[in-house]
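Hi,

Here is the structure I promised to pass on to you.

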Amino acid sequence: MSDPNGTPPAGPLAGLAAPLRTLIVDDEPLAVERMQVICSRIEGISVIGTASDGQAALRLIEALGPDLVLLDLTMPETDGLTVARRLGAQENAPAVIFVTAHDEFAVEAFDLDAVDYVLKPVAPDRLQRAVARVVSRRGERAQPPASRWLEEFWVPHRSELVRVASAEVHRIDAERDYVRLHVGAQSYLLLQTITSLEDRLDPERFIRIHRSCILQRSHVSGLRHEGLGVWSAETADGQALRIGRTYLPAVKKMAGR
């Protein structure tokens, strides 16, 4: 937790050999000023510049070569998502942390390899955790390339977005233009259709059993024939969920039938 003055406690960023050279991008002067103050209180980062729009940000990134960009999303002309897409096509691009008042862009951020997604008003300890993830990722650069499948979700929870590992999600239900992710006894709503999400899930880990339901394969404990060609999937938490006729052959194949 932060102290009464808003200074985050010493953490994994303390003692870095070299601070993260950081660029702040936001079209609101007060937001830039606040971010500068917060950054000055976090060990391990050094602000090397600010930009008030996406085009200026791209020019400064090319000129200064920052390690980290704290990037607002909603800016005139060239927005934060466009900046991140252009950076994604570059070699040795800086890490990106989105800083925004809008949580509805989290899904797009999945595809842009952003390190984190921090909601305004920014709490110093929340930003410190995000920057710590940048440090952790820099230490993993020698690791094999990431899977093409979603390994995690950013989901709204209270006043921030939290990460949920896909391995922890045992069931996904469709709710109109949203999906509900079930993680143990908790659930989270995410603005995305179940069909578009299915395309990004590892088929070795997840299986769709109904037009409104996807299950983690390990969560299926058995199949039950209800009669008249109707089947249900029995789950590890004791539920029996109807299998849609369209999806029944794939579910049976999973069970070796």
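A definition to start with: a residue is called buried under 20% relative accessible area, exposed over 50%, and partly exposed in between, with a 1.4 Å probe and protein chains only. Please keep in mind that this is a predicted model, in which local features need pLDDT of at least 70 and side-chain atom pairs count only at pLDDT 80 or more, while totals for chains, interfaces and linings use all residues. Residues are numbered from 1 along each chain as its sequence is written, and side-chain values use heavy atoms, with hydrogens and water left out.

First, the backbone. Asp 113 is not a glycine, yet has a positive phi of about 60 degrees. Asp 113 sits in the loop between helix H4 (106–110) and S5, and counts as exposed because its relative accessibility is 54%. Helices (H or I, at least four residues) and strands (E, at least two) are DSSP runs, numbered from the N terminus. Arg 176, also a non-glycine residue, has a positive phi of about 60 degrees; its loop runs between strand S8 (171–175) and strand S9 (178–183). With a relative accessible area of 81%, Arg 176 is exposed. There is also a cis peptide bond between Lys 120 and Pro 121, with omega about -5 degrees, and Pro 121 lies in the loop between S5 and H5.

Next, the sheet. Five strands make an open, parallel sheet in the order S2-S1-S3-S4-S5. Its edges are strand S2 (45–51) and S5, each pairing on one side only; two strands pair if DSSP finds at least two bridges between them. Strand S1 (residues 20–25) pairs with S2 in the parallel sense over 6 bridges, and Thr 22 has Val 47 in S2 as its bridge partner.

Which elements each supply at least two residues of the lining of the second largest pocket? They are strand S5 (116–119) and helix H5 (124–138), and H5 gives the most, with 3 residues.

Finally, the count of disulfides (pairs of cysteine sulfur atoms within 2.5 Å) comes to 0. Cys 39 is buried at 2% relative accessibility, and Cys 213 is buried at 6%.

Best wishes
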